[in-house]
Amino acid sequence: MTRARMPRPHEVAAAKRDPRLLRAVREQQGDDAWRTRGACQTVDPETFFPAPSEPADAAVALCRTCDVQGACLAWALEVGDCHGVWGATTPRERRAMLVAWRSDAPQPALTGQPQAAEHRMGPMACLPLVPIQRVGRTATDRRDPVGAASG
């Protein structure tokens, strides 16, 4: 399994100009029932969550024909979903878009409304974390759970 990396500055700059992100910004305050109208309703959900070694082309192509593509991407960016295809984007594309989305840079210019700060979790919400190192169990942790001593 490969580890996700932080998006590079040029990737974030390109994401800020991406028409899919700009559409998501416009449609983020739209209808909450967008999921019922998605083209994905008639397709096996596994299509949108391919294995890392499989291409996501089929899912992305289907998403590009969908009427709710912008709302779908806006939802994925808002909740920080890092897996699968959402709004015709792959997880790698969304990592760069997430930094742009959370920076609030494009939102006021396009919507005319400032974004609520409490809905923003910072640019690192979907980005790689440092692995947690587990500490080994001690002798006292290995005691018999019932307390019976064998002897």
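## The end of helix α4

Helix α4 is followed by G80, a residue whose phi is positive, near 80 degrees. The model described in this report is a predicted one.

## Helix α4 and its surroundings

Eight of the 11 residues of α4 are buried, so this helix is largely enclosed by the rest of the structure. The buried residues in question are Q69, G70, A71, C72, L73, A74, A76 and L77. They pack against three other helices, namely α2, α3 and α5.

The relation between α4 and α5 can be described through their axes, which come within 10 Å and cross at roughly 75 degrees. Because of this angle, α4 is roughly perpendicular to α5. On the α4 side, the residues that meet α5 are L73, A74, A76, L77, E78 and V79. Their counterparts in α5 are R94, M97, L98, W101 and R102.

Q69 belongs to helix α4. Is this residue buried or exposed? Q69 counts as buried because its relative accessible area is 8%, and the cut-off for a buried residue is under 20%.

Which side chain forms a polar contact with that of Q69? The partner is R23, and the polar contact is 3.3 Å. When neighbours within four places in sequence are left aside, Q69 is in contact with R20, R23, C63, R64, G87 and A88.

Helix α1 covers residues 9–17, and its buried residues are E11, V12 and A15. These three span an arc of only 100 degrees around the axis, which places them on the same side of α1. On the other side of the helix, P9, H10 and R17 are exposed. The buried residues of α1 pack against α2, which covers residues 19–27, and α5, which covers residues 91–102.

The axes of α1 and α5 come within 8 Å and cross at roughly 80 degrees. Therefore, α1 is roughly perpendicular to α5. From α1, the contact involves E11, V12, A15 and K16. From α5, it involves R92, A96, M97, V99 and A100.

## The largest nonpolar core

In soluble globular proteins, nonpolar side chains tend to be buried together. In this model, the largest nonpolar core has 14 residues. Those with the most contacts inside the core are L21, A24, L73, L77, M97 and W101. Four helices, α1, α2, α4 and α5, each supply at least two residues of this core. Which helix provides the largest share? That helix is α5, with six residues.

Not counting residues up to four places away in sequence, M97 touches A15, D18, R20, L21, L73, L77 and T89. Among these, A15 is one of the buried residues of α1, while L73 and L77 are among the buried residues of α4.

## A buried residue in a loop

Where is Q28 found? Q28 lies in the loop between α2 and α3, the latter covering residues 57–64. Q28 has a relative accessibility of 17% and therefore counts as buried.

Q28 and L77 are 49 residues apart along the chain, and their C-alpha atoms are separated by 9.8 Å.

Definitions and conventions: Residues are numbered from 1 along each chain as its sequence is written. This is a predicted model: local features need pLDDT of at least 70, side-chain atom pairs count only at pLDDT 80 or more; totals for chains, interfaces and linings use all residues. Side-chain values use heavy atoms; hydrogens and water are left out. Buried means under 20% relative accessible area, exposed over 50%, partly exposed in between (1.4 Å probe, protein chains only). The arc is that of the directions from the helix axis to the C-beta atoms. Contact means heavy atoms within 4.5 Å. A nonpolar core is a set of buried Ala, Val, Leu, Ile, Met, Phe, Trp, Tyr and Cys residues joined through side-chain atoms within 4.5 Å. A polar contact is a pair of N or O atoms within 3.5 Å; within protein, one must be able to donate a hydrogen and the other to accept it, and residues adjacent in sequence count only if both atoms are side-chain atoms. Axes are lines fitted to C-alpha atoms, for helices over the stretch in contact, and angles run from 0 to 180 degrees between N-to-C directions. Angles under 35 degrees count as roughly parallel, over 145 as roughly antiparallel, 65 to 115 as roughly perpendicular and the rest as oblique.
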